[in-house]
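Please find below some comments on the two-chain model that you asked me to look over. They are set out as numbered points, to be read alongside the coordinates.

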Amino acid sequence: MPSNDLFGAEEQTLAAAQELIESGRFADLADGKHYKALVKDYQKLLRATRRLMRLSDRNEEQLNALTKEQRHANELIAQKNKELDALATKLSKYLSPQIYHSIFTGAQNVEITSSRKKLTIFFSDVVNFTETTDKMESEDLTNLLNRYLTEMTNIALEHGATIDKYIGDAIMVFFGDPESRGLKEDARACVRMAVAMLKRLRELHTEWLELGAEQPFHLRMGINTGYVTVGNFGSNDRMDYTIIGSCVNATARLEFHAETDGILIGHETYALVKDEVNTEEQKPIKVKGFAEPLRCYKVLGLYDDLVNEGSVIREEQDGFRLLVDLKKRDRAEAIEALEAVVARLKG
Amino acid sequence: MRDKLDIDATSRTPAVVFDFVNNHLKISGESYPEDVTEFYRPVFNALDEYLGVLGQGNCRFDFELIYLNSSSAKAVMMLMDKLEAAAAGGATVDVYWLYDKEDDTMQELGEEFGEDLEAAKFHLEKMAG
């Protein structure tokens, strides 16, 4: 039976061959010489096979070790990536989603830089916030404020706003940067957002009263469109992505002058949204830095909403536009005016 | 003769289950032992002992290996040689080479091993599942 060493069988074959050579049984010297050469080659081949096998085993061993290391490194990288993702998610809550996206996709550099852009800006503030919440415990106040800001933020984000900052109970957002759907659509989205916020606020009144607020919250909102400088401001170590400019101040003033639960918009915004939004011009307001008082308009509602509730009749076709505001105009007067138009049309 | 040889698998060595009573022998798993000779010596000895008394009997041997290094491949060749010798001596020997369906290398290796078997019957099959 051959040896059970890996090359036992081959060794035994060699030993038998060697024995044959040493026995001197080859009659033909040339055959003997040839056989000896063959055995020598076999020995050489066997040595080479052993070496190659050892080398192959060693290489496989190293390869396996490297694979193991690589797997370990991959696991480590995956773990670190997970930690970074968790960190990024936490950090993202301090940034507006659009700004976060711009930075994390590399579309925007985190450096002190700015540019001029025409944006639509929005300010809102809770009327008499301090007085309204004066008697509340701080925990209740925190819950109330966070709930309010969360609800308003969700609406803002749904409408594509970039959240600039919260200043206590005040909210500042803008439309048109870093993403814009065009000047007109940005302005319209901003007004639609403000209307949606007021609607949601009314729904929240009941909840807040239950939480202990003595009176429901009421808001004032200001919207304005104009050129601002937008970008990173601050130091290299701590910066804010925000907007600055006289238009920003003017928006804050519009908000200040708005009626309770009212939206006051500047003239440029009005020009962009007037086809979609019913407004009423107000007395111009004086704003520091502006030579002339600012023309401003109170938002009465979105035409789509007003048509649905029956306070406005609106028909629009190519070359034909009809708008009857039944809150401003008596029905009989409207009919009379329309009949006059029909008579003229008939010639 | 013993009834059974049962060696549990480790991260570097295969499981060996030789059920001599039922004439079913099997090696499965990965094979790259630190010392191939040391690991396979008892396996060879047990197989020699079994085949020595098998005579004209039947035997089935399953190779179900996922990975093996070069030295282990030599050890597998030696097992095949022993089985072939038993078959040449009159035993009915069925050798099964079972490979992972995704692993072309193990399939090709099985085909090559099978070419050396003449008396023993060689079966090349995909692993179940």
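The points below take up confidence, the sheet, the helices and the contact between the chains.

1. The coordinates come from a predicted model, and the scores for the model as a whole are an ipTM of 0.75 and a pTM of 0.59. For chain B the pLDDT averages 94, with 99% of the residues scoring at least 70.

2. Chain B contains an open sheet of six strands, which follow one another in the order S1-S2-S3-S4-S5-S6 with mixed pairing. Strands S1 (4-7) and S6 (121-126) of chain B are at the edges and have a single partner strand each, so one side of each lacks a neighbour in the sheet. From one strand to the next, the twist averages 15 degrees.

3. Within this sheet, strand S3 (residues 24-31) and strand S4 (residues 58-68) of chain B are paired in the parallel sense, and eight bridges join them.

4. Helix H3 (residues 104-115) of chain B lies across S4, S5 (92-99) and S6 of chain B, and its direction makes an angle of about 160 degrees with S5(B).

5. How do helix H1 (residues 36-54) and helix H2 (residues 70-88) of chain B lie relative to each other? Their axes come within 10 Å and cross at roughly 5 degrees; because angles under 35 degrees count as roughly parallel, H1(B) and H2(B) are therefore described as roughly parallel to each other. On the H1(B) side the contact includes B:Tyr40, B:Phe44 and B:Leu47, while the residues of H2(B) that take part include B:Ala75, B:Met78 and B:Leu79. The residues of this contact of H1(B) with H2(B) divide into 10 nonpolar, two polar and two charged.

6. In chain A, helix H1 (residues 8-23) has 16 residues and spans 22 Å from its first C-alpha to its last, which is close to the 22 Å expected at 1.5 Å a residue. Just after H1(A), A:Gly24 adopts a positive phi of about 65 degrees.

7. The contact between the chains draws 12 residues from chain B and eight residues from chain A. On the side of chain B that touches chain A, H1 and H2 of chain B each supply at least two residues, and H1(B) gives the most, with six residues. The residues on that side of chain B divide into four nonpolar, five polar and three charged.

How values were computed
Residues are numbered from 1 along each chain as its sequence is written. Chains are lettered from A and ligands numbered from 1 in the order in which they are written. This is a predicted model: local features need pLDDT of at least 70, side-chain atom pairs count only at pLDDT 80 or more; totals for chains, interfaces and linings use all residues. Axes are lines fitted to C-alpha atoms, for helices over the stretch in contact, and angles run from 0 to 180 degrees between N-to-C directions. Helices (H or I, at least four residues) and strands (E, at least two) are DSSP runs, numbered from the N terminus. Angles under 35 degrees count as roughly parallel, over 145 as roughly antiparallel, 65 to 115 as roughly perpendicular and the rest as oblique. Two residues are in contact if their C-beta atoms, placed from the backbone, lie within 7 Å. Ala, Val, Leu, Ile, Met, Phe, Trp, Tyr, Cys and Pro count as nonpolar, Asp, Glu, Lys and Arg as charged, and the others, Gly among them, as polar. Two strands pair if DSSP finds at least two bridges between them. The expected span of a helix is 1.5 Å times one less than its number of residues. pLDDT is the predictor's confidence in each residue, from 0 to 100.
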